[in-house]
Amino acid sequence: MKASPEAQLRLLELADLDTELGRLGHRRRTLPENAELAQLSERAAKIRDAITIADTDLADLDRDLARAEKDVDQVRVRIDRDNQRLDAGQVSNARELESLQAEVTSLRKRQGDLEEVVLELMERRESAQALRDGAAAEGETVGADEAAAAARRDAAVAEIEEQTAKAAAARVAVVADLPADLVALYDKVRASSGGLGAAALRRGQCGGCREMLSTVELNEIRAAAADEVVRHDEGCRRILVRTPESGL
Ligand SMILES: [Zn+2]
């Protein structure tokens, strides 16, 4: 393929722009904020789960407490009723009196037991509430961290997009100045060479793969016409652009 030395030189400009575009794309794909956000969202999900579990525990404990308090009330009512009968002197039969007194004693014991259950349930409820409050507070911190990371991510993306648009516009301008067949060859080589289609030949070294060219290869390039598009045939196959520093 033939192309003017000026057009070949501009391929280096195109290669620089493509390197820049590749760098920007890589930066966008690997923004640390994205990993940070993924981690925070995982934490937020765990916190939401913990809050759901704490809410279920609280609802269960509230129900158990209401039941236990109702039991205490019922026992208290029975004790009061028995005491009233005793105080009113309604029971004269000795055996009946004895059995009523025994009932009051056993009811008092039951009341004590039930009150202990109520106390224990109240303590458990307090712990469950503390767990829920702690999780909710942590959730707020994580939410604020998420908002901050998202804002940083958005700012970085906006900056990358601006630089990408600039480089892409510059690329369009360079491509418009170059012969279509040269750009087509460059793009083909670029696609098969990890994103870099052309490189400068500097002091006998390929700027693409960094290999030194053999004397034979250098002699061939030396003999080639200035408008002949040469490639690193024995190496990376990229287009080699001759510059005053090529060492030819
Ligand atoms: Zn090479």
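1. Cys236 counts as buried because its relative accessible area is 19%. Buried means under 20% relative accessible area, exposed means over 50%, and partly exposed lies in between, with a 1.4 Å probe and protein chains only. The model is predicted, so local features need pLDDT of at least 70 and side-chain atom pairs count only at pLDDT 80 or more, whereas totals for chains, interfaces and linings use all residues. Residues are numbered from 1 along each chain as its sequence is written, and side-chain values use heavy atoms, with hydrogens and water left out.

2. His232 is placed in the loop between strand S3 (230–231) and S4. Helices (H or I, at least four residues) and strands (E, at least two) are DSSP runs, numbered from the N terminus. With a relative accessibility of 1%, His232 counts as buried. Beyond its neighbours within four places in sequence, His232 is in contact (heavy atoms within 4.5 Å) with residues including Cys206, Cys209, Glu211, Leu213 and Glu217. Arg237, Arg238 and Leu240 are also among the contacts of His232.

3. Arg203, in the loop between S1 and strand S2 (205–206), has a positive phi of about 45° although it is not a glycine. Arg210, in the loop between S2 and helix H5 (215–223), has a positive phi of about 70° and is not a glycine either. Arg203 is exposed, with a relative accessible area of 61%, and Arg210 is exposed, with 58%.

4. The protein contains 5 helices and 4 strands, in the order α-α-α-α-β-β-α-β-β along the sequence. Its radius of gyration is 42 Å, whereas a compact globule of 248 residues would have one near 18 Å. This radius is taken over C-alpha atoms, and the globule rule is 2.2 Å times the number of residues to the power 0.38. Along the principal axes, the C-alpha atoms fill a box of roughly 135 × 35 × 25 Å. Of the 248 residues, 31% count as buried. Among contacts with a separation of 6 or more, 73% join residues 24 or more positions apart.

5. Helix H1 (residues 5–29) has 25 residues and should span 36 Å at 1.5 Å a residue, which agrees with the 36 Å between its end C-alpha atoms. The expected span is 1.5 Å times one less than the number of residues. The buried residues of H1 include Ala7, Leu11, Leu14 and Asp18. Helix H3 (94–177), helix H4 (180–192), strand S1 (198–202) and strand S4 (239–242) are among the elements that cover the buried residues of H1. Leu17 also lies in H1 and is buried, with a relative accessible area of 15%. Apart from neighbours within four places in sequence, Leu17 is in contact with Ala167, Ala170, Arg171 and Val174.

6. H2 has 56 residues and should span 82 Å at 1.5 Å a residue; its end C-alpha atoms are 80 Å apart, which agrees. After H2 comes Gly89, whose phi is positive, near 65°. Leu86 lies in helix H2 (residues 32–87) and counts as partly exposed, at 21% relative accessibility. Not counting residues up to four places away in sequence, Leu86 touches Leu97, Leu100, Gln101 and Val104.

7. The C-alpha atoms of Leu86 and Gln101, 15 residues apart along the chain, are separated by 8.2 Å. Those of Leu17 and Gln101, 84 residues apart along the chain, are separated by 100 Å.
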